[in-house]
Amino acid sequence: FFVETHGSIISKLIKLEEFRVNEETIWDRLVEWSAAALQKPELLGPFAAAMGSGEVAQHDAILRLMSPYIRFTQMRKDFFVDKVREHLDRRQSERVMDCFLLNRNSE
């Protein structure tokens with residue numbers, strides 16, 4: 001059901017602070033959704049701006065548009081390194097790594 005949801009709804013959901021959902025679960029579902037949305041571009045909604053060349057680049061661009069609403073520092077360090085970091089740009093990744101390694105605020 002989630003992978004068939006329109007991007008405008010996904011956008012609203014990830015911005016909610018009231019969720020009591022594990023950030024790793026959210027990330028996994030967003031990865032699944034973005035892959036499905038690339039196969040059905042009508043689902044992209046506000047994430048349509050991420051459309052460009054190359055499916056991997058588009059997939060990462062969609063996830064980067066969502067990233068300001070994800071609390072990466074709530075994830076396990078190994079999960080971030082193994083599943084998340086590759087989808088972020090260098091600056092985003094370094095900010096989270098600084099937080100993990102040096103206990104600095106990622107904001």
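**Pocket and helix packing**

Mentor: By class, the lining of the largest pocket comprises 16 nonpolar, seven polar and eight charged residues. Keep in mind that this is a predicted model.

Trainee: How much space lies in the largest pocket?

Mentor: Rolling a probe the size of a water molecule over the atoms shows where empty space is left. Here the largest pocket holds about 640 Å³ of space.

Trainee: Which residues lining the largest pocket are the closest to its centre?

Mentor: There are 31 lining residues, and Ser67, Pro68, Tyr69, Ile70 and Arg71 are the closest to the centre. Among the helices, α1 (7–15), α2 (23–39) and α5 each supply at least two residues of that lining.

Trainee: Now the helix pairs. At what angle do the axes of α2 and α3 cross?

Mentor: The axes of α2 and α3 (residues 55–66) cross at roughly 130° and come within 10 Å. The crossing of α2 past α3 is right-handed.

Trainee: Which residues of α2 and α3 meet?

Mentor: From α2 come Trp27, Leu30, Val31, Trp33, Ser34, Ala35, Leu38 and Gln39; from α3 come Glu55, Gln58, His59, Ile62, Leu63 and Met66. The classes in this contact of α2 with α3 are nine nonpolar, four polar and one charged.

Trainee: Are α2 and α4 parallel or antiparallel?

Mentor: Their axes cross at roughly 10° and come within 11 Å. Angles under 35 degrees count as roughly parallel, and therefore α2 and α4 are roughly parallel to each other. Glu24, Trp27 and Asp28 of α2 make the contact with Phe79, Lys83 and Val84 of α4. By class, the contact of α2 with α4 has three nonpolar, no polar and three charged residues.

Trainee: What is the angle between α4 and α5?

Mentor: Helix α4 (residues 77–84) packs against helix α5 (residues 90–102) at about 160°, and their axes are 11 Å apart. Angles over 145 degrees count as roughly antiparallel, so α4 is roughly antiparallel to α5. The crossing of α4 and α5 is left-handed.

Trainee: Which residues make the contact of α4 and α5?

Mentor: On α4 they are Lys77, Phe80 and Val81, and on α5 they are Ser93, Val96, Met97 and Phe100. This contact of α4 with α5 divides into five nonpolar, one polar and one charged residues.

Note on methods: Residues are numbered from 1 along each chain as its sequence is written. This is a predicted model: local features need pLDDT of at least 70, side-chain atom pairs count only at pLDDT 80 or more; totals for chains, interfaces and linings use all residues. Side-chain values use heavy atoms; hydrogens and water are left out. Axes are lines fitted to C-alpha atoms, for helices over the stretch in contact, and angles run from 0 to 180 degrees between N-to-C directions. Helices (H or I, at least four residues) and strands (E, at least two) are DSSP runs, numbered from the N terminus. Angles under 35 degrees count as roughly parallel, over 145 as roughly antiparallel, 65 to 115 as roughly perpendicular and the rest as oblique. A crossing is left-handed if the near helix is turned anticlockwise from the far one by less than a right angle, and right-handed if clockwise. Contact means heavy atoms within 4.5 Å. Ala, Val, Leu, Ile, Met, Phe, Trp, Tyr, Cys and Pro count as nonpolar, Asp, Glu, Lys and Arg as charged, and the others, Gly among them, as polar. On a 1 Å grid over the protein atoms alone, a cavity is a set of points where a 1.4 Å probe fits but cannot get out, and a pocket is an open set with protein on both sides within 12 Å along at least five of seven lines; lining residues have an atom within 4 Å of a point. Grid points are joined across faces, edges and corners, and a volume is the space filled by probe spheres set on the points.
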